[in-house]
Amino acid sequence: MMKTSNMGGALLSDLYKMKKLKSVWIGLILMFALTFLLYAMYWMGLSVIEKRIAENPLDAETIQMQSMLISLGHQLLMGFSSSGGMMLYIAIICGIFIGNDFSSGNIGIITARGGKRVQLYFSKWISIMLLTVIYCLFSLLISGIFTAFKGYGAPFTGKTFGTLMRCLSLQILAHMSAASIFIMISFLVRSAGASVGANIGIFIVLNLIFSIASTVVLSVGGNADFIMFMPLQQVDVAAKYSAYTTAELCAVIIMPIVYLALSTLIGATSFIKRDIK
């Protein structure tokens, strides 16, 4: 059994356990499958449009549909992390990875043997963050490969690459913020099944509430920009490939850092102070 009484030992142990976690690999498979499905639908649409344009190059409706498809292809590439449902997988993995150690009593055993709680918390925090980065890079890789098959109707220039790298860095930050919230919830709930359920519930409920709120506000002619400042709502802004407004910059840079810091503080403080049953 690996020594977990120090930060290095705890981190090595957690990384080893994460490597063996089936849900991590299932997440990668699902991410690939869903991304492929979206691109397959995109390719089919392109084929239909190309055939219609060959038959009637001046048809206005077809040209408009082609423009929409080109925009979709661009968005599939820039919004790569959303295509495969990455945030949901991170929510589930956090619940299983952290909750299992509480449900099995492993956390209690480690702390009884002198393991420092702050080290245990940040060992799991770092492990999940590393997984988040790997998931983002994997998602970008497969989206890039699929995009290369048929492109999106525009040349891939140095400027496009720069925008893609900006989207990558901001999406990593947004997903790290979300992951930190899921880690906090898992440490507060302290049970594998309940943690998974709580994380999925938070993910679904928040997105549903903000989606409804946005629809209602827009239907009465209001401004729904406040939604992008809410928890778990920064990924779509991070995937934007046009220029950011000042509000969008604040939402996509400042808010993820705020949520990451607050959730880490709450989660770590609770874990350090509460008794382990």
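Start by selecting H2 and helix H7 (residues 117–150), which pack at an angle of about 25° with their axes 10 Å apart. (Axes are lines fitted to C-alpha atoms, for helices over the stretch in contact, and angles run from 0 to 180 degrees between N-to-C directions; helices are DSSP runs of H or I, at least four residues, numbered from the N terminus.) That angle makes H2 roughly parallel to H7, a label for angles under 35 degrees.

A quick word on what you're viewing: this is a predicted model, where local features need pLDDT of at least 70 and side-chain atom pairs count only at pLDDT 80 or more, while totals for chains, interfaces and linings use all residues. Residues are numbered from 1 along each chain as its sequence is written, and side-chain values use heavy atoms, with hydrogens and water left out.

Now for the largest nonpolar core, with 69 residues. Such a core is a set of buried Ala, Val, Leu, Ile, Met, Phe, Trp, Tyr and Cys residues joined through side-chain atoms within 4.5 Å, buried being under 20% relative accessible area with a 1.4 Å probe, protein chains only. Pick Tyr135, Phe182 and Ile183, which have the most contacts inside this core. Helix H8 (residues 158–189) gives the largest share, 14 residues.

Conventions. Buried means under 20% relative accessible area, exposed over 50%, partly exposed in between (1.4 Å probe, protein chains only). Helices (H or I, at least four residues) and strands (E, at least two) are DSSP runs, numbered from the N terminus. Angles under 35 degrees count as roughly parallel, over 145 as roughly antiparallel, 65 to 115 as roughly perpendicular and the rest as oblique.
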